[in-house]
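Visitor: I have just opened this model and would like to learn how to read it. Could you take me through some features one at a time?

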Amino acid sequence: MTLPRVVPIFDGHNDVLLRLYRRGGTDAPRAFLEGGADGHLDLPKALQGGFAGGLFAVFVPSSEAPKNQGSDAKSKSPDEEPRPAPAVELLTVQKTAMGMVSLLLRIARESRGRVRVCRSVSDIQQAFEQGALAAVLHMEGAEAIDTNFEFLDVLHAAGLRSLGPVWSRPNAFGHGVPFRCPSSPDTGPGLTDLGKELIRVCNRMGILIDLSHLNEKGFFDVAAISNAPLVATHSNAHALSPHSRNLTDVQLASIRETDGFVGVNYSTSFLRPDGRRDADTPVELVIDHIEHILRQAGENGVGLGSDFDGAKIPSGIGDAAGLQNLVQGMRARGYSDQLIEKLCYRNWLRVLDQTWGHT
Ligand code: ZN
């Protein structure tokens, strides 16, 4: 068997909804469908690079007022804010979050079948077969969720199938890991009692719990409670880049024990040993992180989690159109076609199937 020239990729994290929300305008869905010079991800770039689907994040920055009034909001990216910011008001956050969910629903509606909001692995497989983009709704930070989990029911009905209890800031559910390099991910207390309840509720509803922005204590709080595989949708190896956002070998071993999964992040801050934001970072460094996590978490426990539209990424990838350069890097490393397929999408679909099956 030989792989197709363009290998399909399922991706663990992008922030295109935030980029489009900040852009504003009723034509924002069309901007995604028709593409443009801005940003890492839109439909034409996805088609060009083999970006066949992925988790689309709803993320509300700390400074974001409804309708783009945050004075410094535009300069910040979700994976690059320098320090944890204070908690944000529930109604304000819900309004912004609803705006971003609405954007994805409108993109799907206006796409006439070319973009689909997928709620199951069979939805994703069908989209793959029919050449449609498979979007899964994800929420990064549970600030929009009330203490009775009522908004979670509404979001689930809208398609939400993945949730990070915290972003890199404290909230009612726990303490996120602040952005520090070099730093251990052990930066403070983990989940609150409400956060622990949220994990149980997500297990019951079949919603994937994303570990990527938790600190070490929060990570192991989830590990102790959850009955699903442990998944970090967009994180790297702490052994290679000593950033607080990255996973230690002890965490990777714990992920392996649960048949869990890590999506490797292209953010240069989490790739480089010096933690710098610098597009002049070799694509090979992404492969180095894949290789380390392969050794620690196993051949079924690694895939991709780009952080497109949320981070500074290597110029050798550039944007979604350049994704096959990464596949070339895997080939150059001597990976078999079978392993490349696992890394590009099969492992992601495997862990989603196991997680969403827990309903
Ligand atoms: Zn993130």
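**A guided reading**

Guide: Gladly. Lys45 counts as buried, because its relative accessibility is 9%. Keep in mind that this is a predicted model.

Visitor: Where is Lys45 found, and what does its side chain reach?

Guide: Lys45 is found in helix α3, residues 43-49. Its side chain reaches the backbone oxygen of Gly36 at 2.7 Å. Leaving out residues up to four places away in sequence, Lys45 touches Gly36, Ala37, Asp38, Gly39 and His40, and also Asp319, Ala320 and Ala321.

Visitor: How do I read a helix?

Guide: Start with the general idea: an α-helix has 3.6 residues a turn, so residues three or four places apart point the same way. Now take helix α4, residues 90-110. Its buried residues include Val93, Ala97, Met100, Leu104 and Ile107.

Visitor: Which elements do the buried residues of α4 pack against?

Guide: They pack against the helices α1 (16-23), α2 (28-34) and α6 (150-158), and against the strands β2 (51-58), β3 (115-117) and β4 (133-140).

Visitor: What span should α4 have, and how far apart are its end C-alpha atoms?

Guide: At 1.5 Å a residue, the 21 residues of α4 should span 30 Å, and the end C-alpha atoms are 30 Å apart, so the two values agree.

Visitor: What should I look for in the backbone angles?

Guide: Most residues other than glycine have a negative phi, and most peptide bonds are trans. Here, Arg112, which follows α4, has a positive phi near 55 degrees. Asp259 has a positive phi near 55 degrees too, and Asp307 has one near 70 degrees.

Visitor: Where do Asp259 and Asp307 lie?

Guide: Asp259 is in the loop between α9 (249-257) and β10 (261-264). The loop that holds Asp307 runs between β11 (302-304) and α12 (324-332).

Visitor: Is each of them buried or partly exposed?

Guide: Asp259 counts as partly exposed because its relative accessibility is 45%, whereas Asp307 is buried, with a relative accessible area of 0%.

Visitor: Which residues does a cis peptide bond join?

Guide: That bond joins Cys181 and Pro182, with omega about 0 degrees. Pro182 sits in the loop between β7 (174-175) and α7 (193-205).

Visitor: How many residues has the largest nonpolar core?

Guide: It has 111 residues, and those with the most contacts inside it are Phe32, Phe56, Leu152, Ile290 and Met330. Helix α13, residues 337-356, gives the most to this core, with ten residues. Setting aside neighbours within four places in sequence, Met330 is in contact with Ile287, Ile290, Leu304, Tyr335, Ile340, Leu343 and Cys344.

Visitor: And how do I find empty space?

Guide: Rolling a probe the size of a water molecule over the atoms shows where empty space is left. In this model there are three cavities of 30 Å³ or more. The largest cavity has a volume of about 60 Å³. Its lining has 14 residues, of which Ser212, Leu214, Arg245, Asn246 and Leu247 lie nearest its centre.

Visitor: Could we end with a residue in a strand?

Guide: Arg161 counts as buried because its relative accessibility is 10%. Among the residues that Arg161 touches, not counting those up to four places away in sequence, are Arg119, Val136, His156, Leu208 and Trp356. The C-alpha atoms of Arg161 and Val327 are separated by 27 Å, and these residues are 166 apart along the chain.

Technical notes: Residues are numbered from 1 along each chain as its sequence is written. This is a predicted model: local features need pLDDT of at least 70, side-chain atom pairs count only at pLDDT 80 or more; totals for chains, interfaces and linings use all residues. Side-chain values use heavy atoms; hydrogens and water are left out. Helices (H or I, at least four residues) and strands (E, at least two) are DSSP runs, numbered from the N terminus. The expected span of a helix is 1.5 Å times one less than its number of residues. Buried means under 20% relative accessible area, exposed over 50%, partly exposed in between (1.4 Å probe, protein chains only). Contact means heavy atoms within 4.5 Å. A nonpolar core is a set of buried Ala, Val, Leu, Ile, Met, Phe, Trp, Tyr and Cys residues joined through side-chain atoms within 4.5 Å. A polar contact is a pair of N or O atoms within 3.5 Å; within protein, one must be able to donate a hydrogen and the other to accept it, and residues adjacent in sequence count only if both atoms are side-chain atoms. On a 1 Å grid over the protein atoms alone, a cavity is a set of points where a 1.4 Å probe fits but cannot get out, and a pocket is an open set with protein on both sides within 12 Å along at least five of seven lines; lining residues have an atom within 4 Å of a point. Grid points are joined across faces, edges and corners, and a volume is the space filled by probe spheres set on the points.
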